[in-house]
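Okay, thanks everyone for coming.

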Amino acid sequence: MTPAAELNTSSHALLGVFARNGIDRVFLVPGESYLGVLDALHDFAGIDVVTCRHEGCAAFMACADGRLTGRPGVVMVSRGPGAANAAIGVHAAQQDGVPLILLIGQVPRKDLRKEAFQEIDYQKMFGSIAKWVHEVAAPEDVAWAAFKALRVAASGTPGPVVLVVPEDVQQACVPQPDWVAEPASPAQPAPAALARLQALLDAACKPLIIAGGAFNAPGGREALRQLAERHGIPVAVSFRQHDLFPNTHPLYAGDLDLATQPAQVEAFDSSDLILALGTRLGDITTQGYTFPAYPRPSQTLVHCHADAHFVNQHFAADVGIIADPVATAQALAALPAADRGGREDWAESLRAIRERSAAWPDPKADDGVPFVSVVRALAEQAPPDLMVCLDAGTFAAPVYRHFPFVYPQRLMASQSGAMGYGTPAAIASQLRNPHGKVVCLVGDGGFMMTGNEMMAAAERGLPVFFIVSNNNCYGSIRLHQARTYPGRYAGTNLASPDFAMMARAFGMQTEYVTHPDQVAAAIARGLASAAPYFVEVKTSLAAILPDGADSAAGIDLLGRDQAGTQSR
């Protein structure tokens, strides 16, 4: 009988700890450096194994899974090249504040630090972005390392943990622990802080809540809404956190994003009290550390975060609260409501600015479909539980500005800004939401990076609705070039395949949309489909560029090369 057949190996101990702590899915690309773990997976029927084509895709899927469940998403890869490919997911998890465990097979212990084949020192590689990097030294240490990885990844500010397991410690017989980590009790705000906040709320005429990702937790959205309604406080959500507060609510003031309108920022800055709850107050949320004023805000600043690292890190808070933001919001919602005075007018003024900014435009273009038309049709037909998985690019801008998210609708977009996130996130989201509708919005550039993972949708019959915006260009960078170096467009032209034909090769129903009149019907068919559905949209490049921008190098705005033939 082999050690694996005895079900008592160190790999079984690792996976047993994972399984007892709620890990029911792993994303992986197989490799010879963790064959012991792969073998043990065969004995854990309750852990779904999602086999991917690229380690970066597997890591993106694990990031999305961790965001949706609150438990660490788990990605398993081989050493060297596999770990290097997966690094993008570690960075995304750190930027997004989502729990992730990257398990890497490693060279045998006898070969460590000898520059062996595919050996990397992962402490040096990941030490600046991972919360914890640990290389297991002995088989009996595998289980406790896995147990600690689960706790570290999900505690404080959630983030990535890297667990490195040499190949010769994976198959030894070891005890099989039954450890289960109990979640820590959320830290409550101190009574003295609540008394101070009561006085500040009573005195404020123009308060503003900046709500961060900590409210993406059980009861978080409800607590945020109760707080806002109890005290009549407008809510602005932090970077790419649109689904935390109903965008149709009278107290929704908009988001703080890459393209927040100056009028909105100016209005926010006229507030007299800022309640920054559950946000790290990073550079994008604070508009490059200009709102509030750096380092000493002009208005009273209350900053509440569960992680002491972020409170007073950049901005000097009048009241710094190291506590659970959800618990703090619940406590504030229970305080006596202050005399609102002119707060209704204040909220109405912010809402008016937001509505002007979010009004749907009516763009015209002769080089393709303006992608805002696609987003508008999607918003008008969206089911109440739609999950929108966004890749990076200018095609996503209409979603951030115009799409009216109301939970349980979800926005799944990485704060790392990495291209290639959309397709893997859609696969992971549909796996977690098998009976709901998931739409993947991705550009031609990002789709060519990770679009091959749509094979999982075809293989498993996942009804993901893929929409590819094809303008034959890295549109976001072209926009920057047009603004900064007009007419000098090196490196941004793209030659694209027939994406619809590619999707048909994966066994999907497909459409090719070339005119705005085709959009609404195509969206309706995609949303209604019970199987994977793929729509390629020939989108306008002119619609995203500054007025008068030319297209001097290689491909003009109509997608023709210099010989006049269609690049498609």
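One thing before we start: UniProt positions are given here in the numbering we're using, feature names are shortened, and an annotation may be inferred rather than shown by experiment. Also, keep in mind that this is a predicted model.

So, the record. An unreviewed UniProt entry carries the annotation "domain: Thiamine pyrophosphate enzyme central", and that covers residues 195-332.

Now let's go back towards the start of the chain. Strand E1, residues 25-28, pairs with strand E2, residues 48-51, in the parallel sense, and there are four bridges between them. Arg25 is the residue standing opposite Asp48 in E2. How does the chain cross from E1 to E2? It goes through helix H2, residues 35-41, and this β-α-β crossover is right-handed.

Next, the inside. The largest nonpolar core has 53 residues, and Phe27, Leu102, Phe126, Ile427, Phe466 and Phe534 have the most contacts inside it. Helix H3, residues 55-69, gives the most to this core: seven residues. Take Leu102 from that list. Leaving out residues up to four places away in sequence, it touches several others, among them Val75, Ala86, Phe126 and Leu163.

Last stop, helix H12, residues 371-381. Its buried residues include Phe371, Val374 and Leu378. And what covers the buried residues of H12? The cover includes helices H13 and H19, plus strands E15, E16 and E18.

Conventions: Residues are numbered from 1 along each chain as its sequence is written. This is a predicted model: local features need pLDDT of at least 70, side-chain atom pairs count only at pLDDT 80 or more; totals for chains, interfaces and linings use all residues. Side-chain values use heavy atoms; hydrogens and water are left out. Two strands pair if DSSP finds at least two bridges between them. Helices (H or I, at least four residues) and strands (E, at least two) are DSSP runs, numbered from the N terminus. A crossover is right-handed if, with the strands pointing away from the viewer, the path from the first strand over the helix to the second runs clockwise. Buried means under 20% relative accessible area, exposed over 50%, partly exposed in between (1.4 Å probe, protein chains only). Contact means heavy atoms within 4.5 Å. A nonpolar core is a set of buried Ala, Val, Leu, Ile, Met, Phe, Trp, Tyr and Cys residues joined through side-chain atoms within 4.5 Å.
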